[in-house]
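Here is a short briefing for a first look.

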Amino acid sequence: MELAMKLCQTYGPAGREDRVREMIRSEVEQKSTSVSTDRLGNLICHVQASERSQEAKKDSLMICAHMDEIGVIITHIDEKGFLRFTGVGGVRNAVLHQKVIFENGVIGTIGAETKPQTPKDLTLTNMFIDIGASSKQEAMGKVRVGDIAAFHQDAVMMENRLVTKALDDRIGCFCCIEALKRIRSPILDIYFVFTVQEEVGLRGARTGAYALAPTYALAVDVTATGDTPECARMDVALGKGVAVKVKDMMFIANPKVNDRLLMLAENNSIPYQLEVLERGTTDAAVVQLVREGVMSGVLSIPIRYLHSVSEMCDTRDVQATIDLLVHVCEQGPAMP
Ligand code: CO
Ligand code: ZN
């Protein structure tokens, strides 16, 4: 899990994924048949079908996980050196009093207006970033409008639980890296695509899928849970295994793919649960719509406190996700 923690701690908001990409590239280069980057910034790692699998040669499987994380972007710097900002991706008001870090290492704290007339339901427009500057000029020596910051928060490993920022979706990247390293005899051509800009609208997944025109696709991403006090009803819990998505806001999994995933999980004693997510989606939503369509599914890692600086996952779910991915790559992603 050390690599997972390192991935989560690396700076990489949407549109600024370079450092994450280089870290992943160095992990997968040796085990891939070839590695390339497309013009939008996706990292594409090809793992060729093994010799024994001639009959499957015409089919290919794209497995994607997004490299980007949510962040904030400076919209205005005021006379006293406070930075006004907006979200890059789904940033909610839970970010108050958290720390952020810019690409150049400058760190700030998120504060909020405290006038009596400030709305109780704080929005980002009532907040600002304090980088310790005492004037506009001093602030502008460190940052400028358009600079993007990621959240800044340590990773903590408990017995079976990892708590850190950016589990969405570095933990999915981690699962793909580990699976890629473990595959012995891939039954078809596999393309691991580490995508950019998912958090701002599933953007990298579009160009990646268009270029590869895969037969099948799997997204590996995080999902919410329904296992905390008084939360919205959802039949996914931490520690109960990899979640096989049936439906989310923009996606319905292909039944042939899902039957296959469930069969592989059962035959290999991999713990799994079925996921119906009412809000949110993944790269698979756009991948399935590319060209004449792609038969798609999603493996989700359950996460508590999604899009906060303290997202929590269970390492046993991570292991189950990796195990299932390896079986899919070696035995095929769909029922015949
Ligand atoms: Co997300
Ligand atoms: Zn995600």
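A donor is an N, O or S atom within 2.8 Å of the metal. By that rule, D168 bridges the zinc ion (ligand 2) and the cobalt ion (ligand 1), and the two ions lie 3.3 Å apart. The model is predicted.

**The zinc ion (ligand 2)**

- The protein donors are H66 (NE2), D168 (OD), D221 (OD) and D221 (OD). They lie 1.9 to 2.7 Å from the zinc ion.
- The spacing of the zinc donor residues in sequence is H-x101-D-x52-D.
- H66 sits in strand β3 (residues 60–66), while D168 belongs to helix α4 (residues 167–182), so this pair ties together parts that are 102 residues apart in sequence.
- H66 and D168 are buried.
- A tetrahedral site would need all angles between 85 and 135 degrees.

**The cobalt ion (ligand 1)**

- D168 (OD), E199 (OE), E199 (OE) and H307 (NE2) coordinate the cobalt ion, at 1.8 to 2.6 Å.
- The four donor atoms subtend angles of 55 to 144°, which makes the cobalt arrangement irregular.
- In sequence, the cobalt donor residues follow the spacing D-x30-E-x107-H.
- E199 lies in the loop between β12 (189–195) and α5 (203–212). H307 lies in the loop between β17 (295–302) and β18 (311–314). The pair therefore ties together parts that are 108 residues apart in sequence.
- E199 and H307 are buried.

**The whole protein**

- The protein holds eight helices and 18 strands.
- The C-alpha trace spans about 65 × 45 × 40 Å along its principal axes.
- A compact globule of 336 residues would have a radius of gyration near 20 Å. The protein has 20 Å, so the two agree.

**Packing and surface**

- Of the 336 residues, 55% count as buried.
- Among contacts with a separation of 6 or more, 76% come from residues 24 or more positions apart.
- The accessible surface is about 14900 Å². Carbon and sulfur atoms account for 50% of that surface.

**To take away**

- Which residue bridges the cobalt ion (ligand 1) and the zinc ion (ligand 2)? D168 does.

Key:
Residues are numbered from 1 along each chain as its sequence is written. Chains are lettered from A and ligands numbered from 1 in the order in which they are written. This is a predicted model: local features need pLDDT of at least 70, side-chain atom pairs count only at pLDDT 80 or more; totals for chains, interfaces and linings use all residues. Side-chain values use heavy atoms; hydrogens and water are left out. Donors are N, O and S atoms within 2.8 Å of the metal (3.2 Å for Na, K and Ca); water is not among the atoms, so sites may look incomplete. Helices (H or I, at least four residues) and strands (E, at least two) are DSSP runs, numbered from the N terminus. Buried means under 20% relative accessible area, exposed over 50%, partly exposed in between (1.4 Å probe, protein chains only). The radius of gyration is taken over C-alpha atoms; the globule rule is 2.2 Å times the number of residues to the power 0.38. Contact means heavy atoms within 4.5 Å. Accessible areas come from the Shrake-Rupley method with a 1.4 Å probe; for residues, only the protein chains shown count as cover. Four donors count as tetrahedral if all angles lie between 85 and 135 degrees; four count as square planar and six as octahedral if opposite donors are over 155 degrees apart and all others between 65 and 115; anything else is irregular.
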